Amino acid sequence: MTTDTADIDAQIAENMAKSLGEIPHPSQQPGTNIYGSTKIFPDYRAEEGETYFTLVHGIPHESSVSFVAVLQATRALRKGFESAIYFYGPGTLACMASRGFPTMGDAGFPGELNTNGAIETFIKEGGTVFCCRFGMGLHGLREEDLIEGVVPSHPLDVQDALIHYARKGAIINSTYNL
């Protein structure tokens with residue numbers, strides 16, 4: 001039994017038109033507020049001497065985890081917290097000024113360099129960024145390619161930095177993705 005593809009194509013076209021007509025698009029116009037805006041918690045500000053420490057073990061463009069961690073650390077900095085970020089493992093990739101395609105600094109796709117820009121802003125606003133030399137070595141990264149102001153750090157510093165900030169009473173945000 002042979003089926004006429006023209007008949008099948010016509011049926012598919014009819015089904016597509018029917019599907020498109022089931023729900024009007026767009027259902028809301030751009031600018032329509034579809035979410036509430038009630039903030040639940042107070043807008044906390046740092047008290048004298050408070051610190052915020054972020055650990056990042058995530059690939060910069062494979063998930064939002066690294067980017068959001070930098071944004072949170074920046075927000076803490078702007079709230080008055082002494083704020084530091086420690087990139088280790090694949091997180092070290094985020095600290096490279098040499099990222100980009102087709103040339104260094106060019107975004108090969110929208111958002112590829114968002115984390116770079118966020119790290120640069122964090123440093124310019126007074127945040128401290130550490131980058132594990134072991135993580136860099138694992139991924140073939142060179143110290144001379146670090147974003148300006150990123151502090152290269154010994155592998156044993158990851159744990160000791162965590163202890164240091166914990167003893168200071170820091171709020172610790174540890175992010176991780178595989």
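Predicted model: local features only at pLDDT ≥ 70, side-chain atom pairs only at ≥ 80, totals over all residues.
Reader: Why is Cys95 called buried, and why is Cys95 said to be in no disulfide?

Author: Buried means under 20% relative accessible area, exposed means over 50%, and partly exposed lies in between, with a 1.4 Å probe and protein chains only; Cys95 has a relative accessible area of 0% and is therefore buried. Cys131, also at 0% relative accessibility, counts as buried by that rule. A disulfide is a pair of cysteine sulfur atoms within 2.5 Å, whereas the cysteine sulfur nearest to that of Cys95 belongs to Cys131 and is 3.8 Å away. For Cys131, in turn, the nearest cysteine sulfur is that of Cys95, and Cys131 is in no disulfide either. A search of the whole structure finds zero disulfides.

Reader: What makes the pair of Phe53 and Tyr165 stacked?

Author: Rings of Phe, Tyr and Trp (its six-membered ring) pair if their centres lie within 6.5 Å, and planes under 30 degrees apart count as stacked, over 60 as edge-to-face and the rest as tilted. The rings of Phe53 and Tyr165 have centres 4.3 Å apart and planes at 10 degrees, so the pair is stacked. Phe53 lies in strand 1 and Tyr165 in helix 5, so the pair ties together parts that are 112 residues apart in sequence; helices (H or I, at least four residues) and strands (E, at least two) are DSSP runs, numbered from the N terminus. Phe53 is buried, with a relative accessible area of 0%, and Tyr165, at 7%, counts as buried as well.

Reader: Why is the pair of Tyr52 and Phe81 called edge-to-face?

Author: The ring centres of Tyr52 and Phe81 are 6.3 Å apart and the planes stand at 65 degrees, so the pair is edge-to-face. Tyr52 lies in strand 1 and Phe81 in the loop between helix 2 and strand 2, so the pair ties together parts that are 29 residues apart in sequence. Both Tyr52 and Phe81 are buried, and the structure holds three aromatic pairs.

Reader: How do you know that the buried residues of helix 5 lie on the same side?

Author: In helix 5 (residues 157-167), Val158, Ala161 and Tyr165 are buried. They cover an arc of only 65 degrees around the axis, which puts them on the same side of helix 5, the arc being that of the directions from the helix axis to the C-beta atoms. Gln159 and Arg167, on the other side of helix 5, are exposed. The buried residues of helix 5 pack against strand 1 (51-57), strand 2 (82-87) and strand 3 (128-132), where contact means heavy atoms within 4.5 Å.

Reader: Why is Asp145 called buried, and which residue does Asp145 meet in a salt bridge?

Author: Asp145 is buried, with a relative accessible area of 16%, and the side chains of Arg142 and Asp145 meet in a salt bridge at 2.8 Å, N to O. Arg142 is partly exposed, with a relative accessible area of 44%. By this rule the count comes to eight salt bridges.

Technical notes: Residues numbered from 1 in each chain as written. Heavy atoms only, no water. Salt bridge = Lys/Arg side-chain N within 4 Å of Asp/Glu carboxyl O.
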